[in-house]
Amino acid sequence: MYPRFRKAGYQAIDRICDYHYSLRDRPVSSQVEPGYLRKALPSSAPTEGQDFQLIADDYQKYIIPGLTHWQHPSFFAYFPTSSTFEGILAELYASSTSNPGFNWSASPACTELEAVVMDWTAQILGLNKAFLNISEVGGGVIQTSASDSVLVATVAARSRYIREHPHVAMEDLVLYITTQTHSLGKKAGLVLGLKVRTLEVTAQDNFALRGDTLKVALEALPFPLAAWAGVAFVCPEYREAYQLPAINNYADSFCTNFHKWGLIHVDGSCLWVRHRRHLTDALDVTPEFLRSKHGDASTLLFLLSRLYQYSRMCIGTAIDYRNWQLGVGRRFRSLKFWFALRARGVNGFQRYITDCIRLNARFAQRIYESDLFSVVTKPSLAMTVFRIAPKSLAYLETSELNALNRAFHARLAARSDIAITQTDSNGVFCVRMVIGAEQTVESDIEQAFTLMKDEAMVLVKNWDGIGGRRGRKTGVVPSHSH
């Protein structure tokens, strides 16, 4: 077994390196059609085992063509996702010692490393010390996604609110989001059977939630509020502008996805809580077969601290992270944080973030200078939201501009040399440019702007050519794959 593994492993590393070296020469998006893989593969698994070389070659033959290359220097869609050599090796090491990690005894290193790296990460973000695991009151945990983090936090908030307000019926509770909140807010409401109230935000406020809006809403029975922040806090110069002081002073929990803009592989969503007991009160279910002397000792000391109103739990007790999430088993995710944080250092993370922001500032400048485009909302960190709004067609109404921009996005989506996504901001159809691939350089930004300008010019000329307000027919302008 192991000689074959060694040989296959060497080849896999070589092919992974070749793949990343070749990204710039590949189309950004997959060119396959739905159902391509079912047509290519057998209808059932083989009866006898096959030679691994054949399996590895089939990965190159069938799987690679069906991938969208999120690390491509011209991938500007959705959000960044990192794929670093430190992360690849960490995942390899973690999978080589597969274990479910549901409590300290299952593999002490898994629990203890997670507690350490979550403190490291909290520190580089500038979070209040109350959120550190070493405080033994608050702490951090790695979840699979922000959706899971929000769901867990909402369960804890619901449990706490009902405990503190026993006269309130659960069906009267309200979860607040805004019109710009990620779908995870509504999903948490659906899963937990909660009312979800959406608060309006405006372009004049840069689509941010304002205190007056929230104050009026609080006349109902709110218990959590879903909001946003990010890994840009690793750079101290962005902390005040993006509300870190308010988070440190008022928030009960904070979540950010390091697997998006934080040089960590999927999955790596970080959730910190100011009071860990709010999680464990809501989620601690410990059947006999999961009990251990370390976990039971921790639980006993915790109960004693509650009974005698101690502000801290005793040092040295073990965390059972299964009680900080919905599932029982958990992956060894902390290893990739440990590898990346040590290999890059704080300075390396800061350089990556500031490079992305600098490139986005360059793109935004090109949009501001253009007679074809306009910015929909103020550029934020590494993202610019914009649309076609030609000065030559200043008379167009919102519905007509939306039609023009839908046609614009359709042309971009038909190309293979760029990936970009659309959005709707309070009825305004627009395009999102998000920068985050490590291989992206300024020439890629210039190339992206040039092709966007070329596609926009085709539509604008066609609109003029077919008679102004009848320009909704621009959607029929043929788009060519590149």
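Because the model is predicted, local features need pLDDT of at least 70 and side-chain atom pairs count only at pLDDT 80 or more, while totals for chains, interfaces and linings use all residues. Residues are numbered from 1 along each chain as its sequence is written, and side-chain values use heavy atoms, with hydrogens and water left out.

**The sheet**

Let us start with the strands. Helices (H or I, at least four residues) and strands (E, at least two) are DSSP runs, numbered from the N terminus. Two strands pair if DSSP finds at least two bridges between them.

The pairings are set out here, each with one of its bridge partners.

| Strand pair | Bridges | A bridge partner pair |
|---|---|---|
| E8 and E10 | four, antiparallel | threonine 384 and methionine 433 |
| E9 and E10 | five, antiparallel | glutamine 422 and valine 431 |

Phenylalanine 386 also stands opposite valine 431 in E10. Two hairpins belong to this sheet. In the hairpin of E7 and E8, two residues lie between the strands and leucine 381 has a positive phi near 55°. E9 and E10 form a hairpin that likewise has two residues between the strands, and asparagine 426 in its turn has a positive phi of about 50°.

How much of strand E10 is buried? Seven of its seven residues are buried, where buried means under 20% relative accessible area, exposed over 50% and partly exposed in between (1.4 Å probe, protein chains only). In a regular strand the side chains alternate between the two faces of the sheet. In E10, Val428, Cys430, Arg432 and Val434 point one way, and Phe429, Val431 and Met433 point the other way. Strand E8 is largely enclosed by the rest of the structure, because five of its six residues are buried.

**Helices H1 and H3**

Two packed helices are described by the angle between their axes and the distance between the axes. For helix H1 (residues 2–21) and helix H3 (residues 52–63), the axes come within 11 Å and cross at roughly 10°. H1 and H3 are therefore roughly parallel to each other (angles under 35 degrees count as roughly parallel, over 145 as roughly antiparallel, 65 to 115 as roughly perpendicular and the rest as oblique). Ala8, Gln11 and Arg15 of H1 make the contact with Phe52, Gln53, Ala56, Asp57 and Gln60 of H3, contact meaning heavy atoms within 4.5 Å.

**Histidine 69**

Beyond H3, histidine 69 sits in the loop between H3 and helix H4 (85–96). Is histidine 69 buried or exposed? Histidine 69 counts as buried, because its relative accessibility is 4%. Leaving aside neighbours within four places in sequence, its contacts are Tyr19, Leu23, Arg26, Pro27, Val28, Ile64 and Phe75.

**The cysteines**

A disulfide is a covalent bond between the sulfur atoms of two cysteines. Here the cut-off is a pair of cysteine sulfur atoms within 2.5 Å, and a search of the whole structure finds zero disulfides. For cysteine 235, the closest cysteine sulfur is in cysteine 356, 9.9 Å away and too far for a bond. Cysteine 235 counts as buried at 1% relative accessibility. For cysteine 255, the closest cysteine sulfur is in cysteine 270, 7.7 Å away and too far for a bond. Cysteine 255 is partly exposed, with a relative accessible area of 24%.

Definitions and conventions: Axes are lines fitted to C-alpha atoms, for helices over the stretch in contact, and angles run from 0 to 180 degrees between N-to-C directions.
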